Amino acid sequence: MQNHSHEFDNLIGRALDDTQLRQSLSLLRFGLSFTRSRAMAELPEFDQLRDQAVAIKNHTLNHLDFYLERLEQQVKAAGGEVCWAVDAAAASQTILDLCRRHGVRNVTKGKSMMTEEIDLNARLEAAGIQVKETDLGEYVLQLRDEAPSHIVGPAIHLTVDQVADTFHQHHRAHGFEARTTEIPQMMREARTVLRKHFLEADMGITGANFLIAEQGSAMIVTNEGNGDLTAVLPRVHVVVAGIDKVVPTLEDASTLLRLLTRSATGQECAVYTTFFTGAKRSGDTDGPEAFYLVLVDNGRSQMLGSELKEMLRCIRCGACMNHCPVYGEIGGQAYGSVYPGPMGAVLTPALVGLERAHRLPNASTFCGKCEEVCPVRIPLPKLMRHWREQGFERQLEPLSFRFGLSLWSWVARHPPLYRLLTSLSVKLLNRLGRRQGYLRRLPLGRGWLAWRDLPAPQQQTFFASWEAKQNRGRGASDV
Amino acid sequence: MSDRLQILTNIRRSLGRDALAPAQQQPLEAALAAPQPNLIPAQTRLNGAALLERFVTKAEAALASVQRLGNLDELPAAIEAYLRQHQLPAALTVPESGLAALLGPQPLPFALLQRPARSGDAACLTGCFAAMAETGSVVLRSGAELPIGSGYLPDSHLVLLRSEQIVDCYESLWRKVRAELGTMPRSLNWITGPSRSADIGMSMQMGAHGPIRLHLLLLESP
């Protein structure tokens, strides 16, 4: 997909006005965080596994060149070929070249955020190759010509009615005349239409959740089985993955897998967990004749030597966005990036440049929930703060923003003045909102109050309450 | 400079070092040559009846159906009953010749098609390489006997497994793979329940692309 992160502020406004989006997001927020915490409770070793996962990823990153070379060696030994791509353009060109080498006209794809990152579909389609997304969510988005809004459930922002309209429009050509909002029937329609594409495809393209250096394997996790049909039926199978996906052994992948499915959907295990290793072997009854692994860098080797190194531990579970209050209000498309939510706010500026994406890391209350739920303990608020500091230093923020921040920081460094101003404003806001308990209009407050009310503050500032509490404590001598 | 060299050079620059010297590679090589398990969840360390119970419980939780068989003679009747229960045509695709032979030369209460499964097949029976009690998964592998597509194309996938094929956890599967296969086959497929998706309206529905039903015929050793 094309990046639109520079339009973030406008896209936020549009998202907040979108009532259908807000309906879908409310389902997400309560559903996935609940299933995750239930799965966690059933695995007492969850936190120990997180520590081990951090150690596995850190070790791999510190020896990344070694493990990538071993991976390459093992893929070759299994009859596959490895292609390296420094950036997005090189990666999509590599895959286009593979299509030409094998005379490919029809491609099916499993869900892969990497192929979104390198904008692969546009490149292949421009060359006259038919590309069909087969993950149900991605399929709906491709029909609607929309970008994904979530890295696990890409169409999570759409209501059943919206999908029904899309199917009604596109499935008539396949003999499904009536519009239906019955989900089982909608699934049957998509199953029938996509089955034809699976059988016709010359090349299947999938991503990888993990690459296993020891064996040269690529592992994918799905619930639909589309990734398997994509990888097994066509005569060419291409796996596209970032260089950060490699882990040393099958045992290491197993540890990470236990965290991945629980953190993503709360499942103990996905329906389909598949390990692909090279091409069809002699004597095999099916499978692709040719197998390629395209390893994509696209900024990752630079991140390895920067403050953002820890971001390379990310296993793309989506837990940070499922728990993010900002994502929960605006959804994923507003971020204008393949990667939304807290992990996207850290990753996107590294991929497309801070000039384009500097607003993303500013969209956080730093509540810390993302770091708390991250299975590989990425300090997301710290990394977002890093980008904020960079953005401020490089003067990327609007003048009004920088002026406001400088003013606040000057006041904050003068405590008596700070206390005076805060106590005055608390009194004023309290008086304005006392009757209703909330405020609906304020000078300069439209950006906040257009979509939500502001609770009227307490009678006094935090400092004043604290002082009173301390005094009481001393008096009672039991605190 | 090739993309490969550029990426490796960048990685080394970021890590502040050159390519690892042989002496530095040696411990990494040793670890890869003899992979060690990390922490294995205690609840998965089971054997005997408890292992079997966990497998069945987890498979059913993943919405597979499980039928226990005392001996192989019960297999044809169990299949016939399953086909009838789901109002499927009295026909069964069996890709593996060894498995077809198990069903025997005796007259069967359904038609047996010994060939790879195709799109449109109502029911297909396969064996499996292993099963895991940790998650209730069955494990298929590609090879000369089994076309892996046969586990994905039919509407109903029936799997025959013997109780001694069940291992406790992921790590035990890797031990079995290394012992019996040496290296990974082209495709090793863990299957945990029937295909599903929640992509429409966040409502879970069975049968997205793969089988709508997964039925496990569990042959218990005496």
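Biologist: What percentage of the 222 residues of chain B count as buried?

Modeller: In this predicted model, 55% of the 222 residues of chain B count as buried.

Biologist: How many helices and strands make up the secondary structure of chain B?

Modeller: Chain B comes to 6 helices and 12 strands. Its radius of gyration is 22 Å, well over the 17 Å that the globule rule gives for 222 residues, so chain B is more spread out than a compact globule. The C-alpha trace of chain B spans about 70 × 40 × 40 Å along its principal axes.

Biologist: What share of the contacts in chain B comes from residues 24 or more positions apart?

Modeller: Taking contacts with a separation of 6 or more, residues 24 or more positions apart account for 69% of them in chain B.

Biologist: How far apart are the centres of the positive and negative side chains of chain B?

Modeller: Chain B carries 19 positive and 19 negative side chains, and the centres of these two sets lie 7 Å apart.

Biologist: Let us turn to single residues. Is Thr126(B) buried or exposed?

Modeller: A residue counts as buried under 20% relative accessible area. Thr126(B) has 0% relative accessibility and therefore counts as buried. Thr126(B) belongs to strand E4 of chain B, residues 123-126.

Biologist: Which side chain forms a polar contact with that of Thr126(B)?

Modeller: The side chain of His157(B) does, at 2.9 Å. Beyond four places in sequence, the residues in contact with Thr126(B) include His157(B), Leu158(B), Val159(B) and Leu160(B), and among the others are Pro95(B), Glu96(B) and Leu99(B).

Biologist: In chain A, where does Gly207(A) lie?

Modeller: Gly207(A) is in the loop between strand E4 (203-206) and strand E5 (210-212) of chain A. Because its relative accessibility is 6%, Gly207(A) counts as buried. Ser112(A) is 95 residues away along the chain, yet the two C-alpha atoms are separated by 4.6 Å. Gly207(A) touches Ser112(A) as well as Lys111(A), Ile220(A), Val239(A) and Val240(A), leaving out residues up to four places away in sequence.

Biologist: And in which helix does Arg385(A) lie?

Modeller: Arg385(A) lies in helix H19 of chain A, residues 380-393. At 38% relative accessibility, Arg385(A) counts as partly exposed.

Notes. Residues numbered from 1 in each chain as written. Chains lettered and ligands numbered in written order. Predicted model: local features only at pLDDT ≥ 70, side-chain atom pairs only at ≥ 80, totals over all residues. Heavy atoms only, no water. Helix = DSSP H or I, 4+ residues; strand = E, 2+ residues; numbered from the N terminus. Buried < 20%, exposed > 50% of the residue type's maximum accessible area, 1.4 Å probe, protein only. Polar contact = N/O pair within 3.5 Å; in protein donor to acceptor, adjacent residues only side chain to side chain. Contact = heavy atoms within 4.5 Å. Rg over C-alpha atoms; globule rule 2.2 N^0.38 Å. Lys, Arg positive; Asp, Glu negative; His and termini not counted. Charge placed at Lys NZ, Arg CZ, Asp CG, Glu CD.
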